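Here is a short briefing for a reader new to this structure.

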Amino acid sequence: MPKRKQSASSAPTINPEFLTELALDLRWSWNHSADELWAQLEPELWALTHNPWVVLQTVSRTTLQQVLARPEYRDRVETLLRDRREYLASTAWFQGSRPQAPLTGVAYFSMEFGLSEALPIYSGGLGNVAGDQLKAGSDLGVPVTGLGLLYQQGYFRQAITVDGGQEALYPYNDPGQLPISPVRDASGEWLRFALPLPGYKVWLRAWQVQVGRLRLYLLDSNDPANPPAIRAVTSELYGGGPELRLRQELVLGIGGWRLLRALGLQPEVCHLNEGHAAFAVLERARTFMEDSGQPFDVALAVTRAGNLFTTHTPVAAGFDRFPPASIERYLRRYAERDLGIGFRDLLALGRENAADPDEPFNMAYLALRGSGAVNGVSRLHGQVSRRLFRGFFPRWPEAEVPVGHVTNGVHVPTWDSAEADALWTQACGADRWRGTLDTVERDICCVPDAELWALRGAGRQALIDYARERLAQQFAVTGASEEELARVREHLDPEALTLGFARRFATYKRPNLLLRDPERLLHILNDPERPVQLILAGKAHPADGAGQAMIREWFRFLRRPEAHRRVVFLPDYDLLLAEHLVQGVDLWINTPRRPWEASGTSGMKVLVNGGLNLSELDGWWAEAYAPEVGWALGDGQEHGDDPAWDAAEAEALYTLLECEIVPAFYTRDTGGIPTAWVARMRESMARLTPRFSANRAVREYTEQYYLPAAAAYRKRAADKGALGAQVLAWRRELAAHWPEARFGAVRVETRDDQHQFTVQVHLGGLDPEAVRVELFADPMDGGKLVRQAMARGRKLDGPDNGYEYTASVPASRSAGDYTPRLVPHHPDAAVPLEAAEILWQR
């Protein structure tokens, strides 16, 4: 009997819950194999939002069932589910390399997270770094948990008027349309808790975001139990005044740590991504007090060992500061009742000069005093940060101010195009960004010139197509005719050298440096043999009039007939627009005033796609630049906002474009390939892509900070904080007796190519085991500074606890280069971060 043909309605289908599983895991934001899946459900909505969850929420049930009935669609869903589950079950770098690590959890606090345009709770660089580090943490298996806020409106969306004026719009973030879900407690109820504030309590709701292996938890004050003003605490990112910011930071820091407790999570490490979350320092200490019965000062000595503070700020004015009266209103009761300390003691934690009653409360200072390690986000920014925090370590050399650095990196799979992904996969393997990257540089160097150049052409064409459509939409809103729209779709040239400039419009970023000489810029753009085009994007903060004026200046320029086909400005710069830009531009331009770009990551995103950089020697480019990988502006020095220097750098910018960059792009071999340009592409892709990846950054954080911090915290927390109490007692003894210490006679003998130093040191009431005597010398010829420990010898006669110390150093330097000094010493303390005393022999 012939087999009956199965009808579409009776065909086996996939449970729609499987699609929910895929849509609610933001791994889709960097694993684009599912893109076609969502596009088949709602093509137009997918193209506009790139939000699988909103597509799944919007598609009709009839359409969904019809699509799920297709065998090829079911097969694709099953393949993706299998791939996801294999990814989650696989042994990642962290588990494979650190099976016995003391690290079981890192709590990563950030005011913003840039994971996807589908979850608009980010503003710019800080959020991009946080989002990319979570993604890399997932790929590497590092046990990180994110803590942030769910903003009802997020950061503003930008619209541009006909004359270039910026309008700030605040569309509502409907939680039902975001790829998030409520956190449920053991009974299935939505996890909510109250955070007491003066005169009222804020009810906070908890949401979760699945980011591959990791979770991000978000707190939200938009709870019906709150009055309207309190529901607005988490209304918008970086909006409102200082009081709203203070409330948000209390929710993030104190509320975030309480959420961890409610979830039963006990991370050894608390990573503060900027000072916004520094109140977590206080709440973590409070919970240790609760668990151990120790007073606040011991609890802080214990818990700070597990806290890491990453500063992203290159100028002191960038730190969040609050008036003492506001801190008193919101935290006096918390300090006295919950922490058991006086309000002045709390204020002192956030001040450089505790005795100054008018000094504001500085969140970065609280983070510094409450952490066991501090780092900047590039090598140069580490130097700048040591200068900023030097006042906390008087008489210590600036090079020894305890601020290290981990240069930011980008999550490469998020930013590569489909064509770039295919090229890198063929050269380096599908799992190249999940391990130690040992062979990536070597493997990508083997790609032929023709394939690299084809990658550039495909990326440029895709960007031009996208930009034309965006421009057409922009003009259609203003009522442009079909004829005008057709002309707009002819803007830009897919064969022309394409420059990109996209970032926040702020004066220190100098977005108008290219406009210094408009006629010269037009000449560069409109060379008939070697045309150049420029695509711009960026927002100015709604309160930044100067930044908005710079946008208007660009609009006046691009309305000129000679410019309007060569220069376009794409409004509402977000992650989706950034993705298209970094995948398509040939050259990324960055012109900040050094050293005001702490790191910068936008230029890193072009690397994987074969884009090159022309940037000021600031932030990451100060350590990345070499002539073989791109071009540089500046002399590596700081010039402030000197107009004459701006003019000189504008001249250098035009000259580089005219004499080096444009010729390199248009000088072709017989096969039509610009060999000099492609040589730079190859070197840039091979050398810089792995080096400035979030993979490398997260591995550095793990090895240099997370693992040592976890071990230090566990050691101090053992026996209810016994070691923490010991460290605190050591610090108090140092403070009490340090003024009694003094140097006596110094004797130097030189023989056998060695300087032999003998130094007498009178310690007074100091325990000789609690200090160390060293010979110090400044660096020479670009080398490292010298810190040579001196051996304690015989005890001196007399009542003032004196000893003789000796050390030998090479006589290759003058004996006068060396200076004896006395510093604190404890095998389990961070000096000078926890004890900044120092005494120099004079």
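E834 is buried, and so is R716. Their side chains meet in a salt bridge, at 2.7 Å from N to O. The pair links distant parts of the chain: E834 sits in the loop between β27 (819–824) and β28, and R716 sits in helix α29 (residues 694–737), 118 residues apart. The model is predicted.

**Salt bridges**

- The count comes to 60 salt bridges.
- R157 and D574 make one of them, at 3.2 Å from N to O. R157 belongs to strand β3 (residues 157–160) and D574 to the loop between β17 (567–569) and α24 (575–584), so this pair ties together parts that are 417 residues apart in sequence.
- R157 has a relative accessible area of 24%, so it counts as partly exposed. D574 has a relative accessible area of 14%, so it counts as buried, the limit being under 20%.
- D586 and R460 also meet through their side chains, in a salt bridge of 2.9 Å, N to O.
- R258, R261, E283, R286, E290 and D291 are linked in a network of salt bridges.

**A buried arginine without a salt bridge**

- R566 is in the loop between α23 (545–558) and β17.
- Which side chain of opposite charge is nearest to R566? The answer is D493, 4.5 Å away. R566 is buried yet has no salt bridge.
- R566 touches several residues beyond its sequence neighbours, among them L492, D493, A496, L525 and N526. The list also includes P531, V532, Q533 and L534.

**Aromatic rings**

- A pair of aromatic rings is described by the distance of the centres and the angle of the planes.
- The count of aromatic pairs comes to 29.
- F776 and W840 form an edge-to-face pair, 5.3 Å centre to centre, with 85° between the planes. F776 lies in strand β23 (residues 771–777) and W840 in strand β28 (residues 839–840), so the pair ties together parts that are 64 residues apart in sequence. F776 and W840 are both buried.
- One aromatic cluster is formed by F309, F319, Y365, F389 and F392.

**Charges over rings**

- R27 lies over the face of Y87, at 4.0 Å from the ring centre.
- R284 lies over the face of Y713, at 4.5 Å from the ring centre.

**Nonpolar cores**

- The largest nonpolar core holds 127 residues. Which of them touch the most other members? They are F109, F279, I327, F389 and Y706.
- Helix α29 gives the most to this core, with twelve residues.

**Two residues up close**

- V211 is in strand β7 (residues 200–211). Is V211 buried or exposed? Its relative accessible area is 1%, so V211 is buried.
- V211 and R27 are 184 residues apart in sequence, but their C-alpha atoms are 5.7 Å apart in space.
- Leaving aside neighbours within four places in sequence, V211 is in contact with D25, W30, L115, L134, K135, S138 and L216.
- E451 lies in helix α20. With 37% relative accessibility, E451 counts as partly exposed.
- Apart from neighbours within four places in sequence, E451 is in contact with L423 and Q426.
- E451 and Q158 are 293 residues apart along the chain, and 38 Å separates their C-alpha atoms.

Notes:
Residues are numbered from 1 along each chain as its sequence is written. This is a predicted model: local features need pLDDT of at least 70, side-chain atom pairs count only at pLDDT 80 or more; totals for chains, interfaces and linings use all residues. Side-chain values use heavy atoms; hydrogens and water are left out. Rings of Phe, Tyr and Trp (its six-membered ring) pair if their centres lie within 6.5 Å; planes under 30 degrees apart count as stacked, over 60 as edge-to-face and the rest as tilted. Helices (H or I, at least four residues) and strands (E, at least two) are DSSP runs, numbered from the N terminus. Buried means under 20% relative accessible area, exposed over 50%, partly exposed in between (1.4 Å probe, protein chains only). A charge sits over a ring if NZ of Lys or CZ of Arg is within 6 Å of the ring centre and within 35 degrees of the ring normal. A salt bridge is a side-chain nitrogen of Lys or Arg within 4 Å of a carboxyl oxygen of Asp or Glu. Lys and Arg count as positive and Asp and Glu as negative; His and the chain ends are not counted. Contact means heavy atoms within 4.5 Å. A nonpolar core is a set of buried Ala, Val, Leu, Ile, Met, Phe, Trp, Tyr and Cys residues joined through side-chain atoms within 4.5 Å.
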